[in-house]
Amino acid sequence: MAINKTKFIWMDGKFVKWQNAKVHILTHALHYGSAIFEGIHSYKTDKGTAIFRLEDHINRFFHSANALSMQIKFTKKELKNAMINLVKKNNIEDGYIRPLAYYGYGNIGVFPRDISTNVALITILWGSYYSKPLRIMISRFRRHSPKSTIFGAKIGGNYTNSILAMYEARKKGYDEALMLDEDSFVSEGPAENIFLVKNGKLITPNSKSALHGITRNSIILISQNLNIDVKETNVTVNDVHNADELFFSGTATEIAPIISVDNKVIGNGRIGKITITIRNKYYDVVRGKDGKYKKWLTHT
Ligand code: PMP
């Protein structure tokens, strides 16, 4: 998604103008990927802008910071208020919020000794991520083993693995990649979780190499409330190739239908019925049209 500029970026407690939001070239995170981040979606609703599952994202932000032993100088409440204010100041309705914490200036060695953690909050305007159903391939790059990173943390440096998979897919003419874990079970996309529909049931990998995303969790709960059977289990490449329906899920991508994997057509090659049902409900939920889920919305 291209960057749609807004007026202000929040950096370490101050609102700075977009063009002044700069860092030094010796910023540790620039060299070693020692940053952690979140991706949060805000939506236009009948009651103004609402941020979807803000507290869950903030909790994961602190979990990620903890994974890299970062000391965040702000409380959860302070960051929540700063995000709400930033959304207001930038007049964001449908938007994407990117909280970022990074080891800054102070030491060039790998170990971030005596380096303080900087925090930034960015908002951009956001539309639909993918307008067309996706054609994907199984990547040759494996997702990080939970033995080589920390489960559930969004660590900047880990995403070079996703970049490799995306380049591989795009160079071969596919839209996206699907990655396996070290045991050859299906894990996730470069920045999305995956769901399969088989015989009317919803299935998603339980791989510990995948981030168990907030959208994934929302979809599981929404589907159960729609009386759709949901199973978290080991998923093989064969299961994916033979699925009736497939879709990616994520804060940015929302629910993105997949119509082929390795050029093998999924179902009848069109967006599946259950995918449509879940997607429509998801849109209602995020836009505040279903009161049952209003606890997931933070109005600004
Ligand atoms: N997996 C990875 C690797 C991701 O980066 C994301 C995006 N945060 C997801 C899955 C989906 O997570 P969520 O639904 O919380 O955005």
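In which helix is the place of Leu30? Leu30 sits in helix 1, which covers residues 28-32. The model is a predicted one, and every value below is computed from it. Leu30 counts as exposed because its relative accessibility is 56%, and the cut-off for that class is over 50%. Leu30 also belongs to a nonpolar surface patch, together with Val23, Ile25, Leu26, Tyr32, Tyr105, Ile108 and Val110.

Tyr105 is among the residues touched by Ile115, along with His28, Tyr103, Gly104, Gly106 and Asn107, when residues up to four places away in sequence are not counted. Ile115 is placed in the loop between strand 6 (95-103) and strand 7 (117-125). With a relative accessibility of 8%, Ile115 counts as buried. His28 is 87 residues from Ile115 along the chain, yet their C-alpha atoms are separated by 8.3 Å.

Further buried positions occur in strands. Met179 lies in strand 9, residues 176-180, and is buried because its relative accessible area is 0%. Beyond the residues up to four places away in sequence, Met179 touches Ser139, Phe141, Arg142, Arg143, Asn161, Ala165, Val186, Ser187, Glu188, Gly189 and Pro190. Of these contacts, Ala165 is 14 residues from Met179 in sequence, with a C-alpha to C-alpha distance of 7.7 Å.

Phe195 is found in strand 11, residues 193-198, and its relative accessibility of 0% makes it buried. Its contacts outside the four neighbouring places in sequence include Leu202, Ile203 and Thr204. Phe195 is also in contact with Arg216, Ile219 and Ile220, and with Glu245, Leu246, Phe247 and Ser249. A separation of 99 residues along the chain lies between Phe195 and Tyr96, and their C-alpha atoms are 23 Å apart.

Helix 5 (residues 214-225) and helix 7 (residues 273-286) have axes that come within 10 Å and cross at roughly 110°. At that angle helix 5 is roughly perpendicular to helix 7, because angles of 65 to 115 degrees fall in that class. On the helix 5 side, the contact is made by Thr215, Ser218, Ile219, Ile222 and Ser223. On the helix 7 side, Ile278, Lys281, Tyr282 and Val285 take part.

Thr215 has a further contact, with Thr251. Where is the place of Thr251? Thr251 lies in the loop between strand 14 (245-250) and strand 15 (254-261). At 16% relative accessibility, Thr251 counts as buried. Apart from neighbours within four places in sequence, Thr251 is also in contact with Gly39, Ile40, His41, Tyr43 and His57.

In one of them, the side chain of Lys281 meets that of Asp290 at an N to O distance of 2.7 Å. Lys281 is partly exposed at a relative accessible area of 21%, whereas Asp290 counts as buried at 13% relative accessibility.

Another salt bridge joins Arg53 to Asp56, with 3.0 Å between the closest N and O atoms. Arg53 counts as buried, at 8% relative accessibility, and Asp56 as partly exposed, at 31%. The side chains of Lys73 and Asp12 form a salt bridge as well, at 3.8 Å from N to O. Lys73 is in the loop between helix 2 (54-67) and helix 3 (76-89), and Asp12 is in the loop between strand 1 (8-11) and strand 2 (14-17), so this pair ties together parts that are 61 residues apart in sequence. Asp12 is partly exposed, with 26% relative accessibility.

Two backbone details remain. Asn91 is not a glycine, but it has a positive phi of about 50°. Asn91 is placed in the loop between helix 3 and strand 6 and is exposed, with a relative accessible area of 64%. Asn227, also not a glycine, has a positive phi of about 65°. The loop between helix 5 and strand 13 (230-233) holds Asn227, which counts as exposed at 72% relative accessibility.

Note on methods
Residues numbered from 1 in each chain as written. Predicted model: local features only at pLDDT ≥ 70, side-chain atom pairs only at ≥ 80, totals over all residues. Heavy atoms only, no water. Patch = residues over 30% accessible without salt bridge, like charges linked within 9 Å, V, L, I, M, F, W, Y side chains within 5 Å. Areas by Shrake-Rupley, 256 points an atom, 1.4 Å probe, with all protein chains shown as cover. Salt bridge = Lys/Arg side-chain N within 4 Å of Asp/Glu carboxyl O. Helix = DSSP H or I, 4+ residues; strand = E, 2+ residues; numbered from the N terminus. Buried < 20%, exposed > 50% of the residue type's maximum accessible area, 1.4 Å probe, protein only. Axes fitted to C-alpha atoms, helices over the stretch in contact; angles between N-to-C directions. Parallel < 35°, antiparallel > 145°, perpendicular 65-115°, else oblique. Contact = heavy atoms within 4.5 Å.
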